[in-house]
Amino acid sequence: MKGFKMYKQIQQLKEIGFTRSRAAKQLNINRETVTRYWNMTADEFAKQLYSINRELLLSKYEEIIISWLKRYPTMTAAQVCDWLKEHYKENIKERTVSRYVKGLREEYNLKKSNHPRDYEAVEELPMGQQLKVDFGEKWMQSIDGQRVKIRFAAFVLAHARYKWAFFQTRPFTTSDLVSSCHECFRYIGGMPLEMVFDQDSIVSVSENYGDIIHTFEFEKFRQECNLKVHLCRAADPESKGKIENVVKFIKYNFLENRLFADEEVLNSSFLKWLDRTGNAKLHGTTKKIPTKVFEDEREHLRPLLDIRSNSDVTIYRNVRKDNTIVYDSNRYSLPLGTYNNQKEVSIEAKSEKLTIMTVFGEFICEHPISTGRGQLIKSTSHSRDITDSMDKAQNTVDELLLFKATDFLQTIRTEKARYARDQFRLLQTLCDKYGIDEVLNAIKYCEVSKLFGITYVKDFLEHSAKPKQVIVLNAIPVSNNKYHVTTEKRSLDVYAKAGGSHE
């Protein structure tokens, strides 16, 4: 940075009308230097000058700071600033120290690093031993210009690096994962001995200190296929590295810059990509082509089971407190009282119908499967029936009014269905207060004025009618002696004899 004398000369030339180019020539300096100070105020210049002077002050601690950075690679500039304050009582701003430390790192190639971690090579697993699974997602552009988030489950055989994946637009559920596993088994023509998953909520409920608790549907699948399941722990590249690389490979080689038409087209295109690239490209680590290695590994896979088609897979759902279940991000209603009687039901999605049954297969109800998301699909028969009680409330008031306000009451019930019961109660109170005739007169006025509400009846009565007089029965003195009772007075000796003598 130039000194204050140079800054003052630049400002003087600016004041007498010099351009930046002429000022640079006059002072024999670079035009960029003139530009830097052209619009800078004196206070700003002084502030920068002070900062630079503070950095120069740090130069006497250069060797000490360098020794710290070499000895402690993870050391931050903030910690350097704190140590200077602690050991040398220097009151220097953290930003100034940060600039100085950054310069030292660049000059002496002192890269900041986290605590180093030791990795070890993992031996190749036997053929047919392990199939790794992981999930990925990526935003794609549809053919109509919209953005669509694509989710996929990726699979790779650990020995051959033979890949497969399934794509869909909705988030994966446990039933989707189970169905994808069956499809993958059919694609590779057999089943491995073990499958590796991340700790995902659709796979496991709890790690339980090693005694893993899987979700109900996944546990059923695991037992059906007689599979060993290995759940990866956090920061475990030795277990997850192969499948994570496959997820990246699919994202940036297959999905990148591809237009989305629909799920069927995308999955079909992916199979062709596997044949020409995904499984046909020389692997960087093994230096072998996955398709060629897989020809040998196929013979080591276990035979396929007689797996049912996805449409026949029975799925289990927990019943929520509001007597609904969740399927494919939508809520479906159940008859009132289902939650109190059974906390779990089985469902079957088939022919665009969702059939809900007990866990023993007894039919409960059926709904059309919604194509939307976040919707409530509710049957009218699953609502609380309040018709009978409302009929009774309406008939009671109608009878009280001598059946002369039937149409008015029906209109109240239709237009104010939510508050009809409260309206009828208020009307009964008005009848007790003003009498039937006055209330009927008010109702007639409201009907003519098309004011359908008991509050209008109440307002009319308060301004034009008087409440009924309440007769209070006062106590009347009784003069006849036969209605008076006189208590008999006895001497204390009588009571003493009754209680026994005490000597």
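Visitor: Which residues line the second largest cavity?

Guide: This is a predicted model, in which local features need pLDDT of at least 70, side-chain atom pairs count only at pLDDT 80 or more, and totals for chains, interfaces and linings use all residues. Residues are numbered from 1 along each chain as its sequence is written, and side-chain values use heavy atoms, with hydrogens and water left out. A cavity is a set of points, on a 1 Å grid over the protein atoms alone, where a 1.4 Å probe fits but cannot get out, and lining residues have an atom within 4 Å of a point. Here the lining consists of Val133, Asp134, Val196, Phe197, Asp198, Cys232, Lys240 and Ile243, around about 30 Å³ of space.

Visitor: Which elements give two or more residues to that lining?

Guide: They are strand 1 (130-142), strand 4 (194-197) and helix 10 (237-255), where helices (H or I, at least four residues) and strands (E, at least two) are DSSP runs numbered from the N terminus.

Visitor: Is helix 8 mostly covered or uncovered?

Guide: Buried means under 20% relative accessible area, with a 1.4 Å probe and protein chains only; by that rule twelve of the 15 residues of helix 8 are buried, among them Leu177, Cys181 and Phe185.

Visitor: What span should helix 8 have?

Guide: The expected span is 1.5 Å times one less than the number of residues, so helix 8 (residues 174-188) should span 21 Å, and its end C-alpha atoms, 21 Å apart, agree with this. Gly189, which follows helix 8, has a positive phi near 80 degrees.

Methods: Buried means under 20% relative accessible area, exposed over 50%, partly exposed in between (1.4 Å probe, protein chains only). On a 1 Å grid over the protein atoms alone, a cavity is a set of points where a 1.4 Å probe fits but cannot get out, and a pocket is an open set with protein on both sides within 12 Å along at least five of seven lines; lining residues have an atom within 4 Å of a point. Grid points are joined across faces, edges and corners, and a volume is the space filled by probe spheres set on the points.
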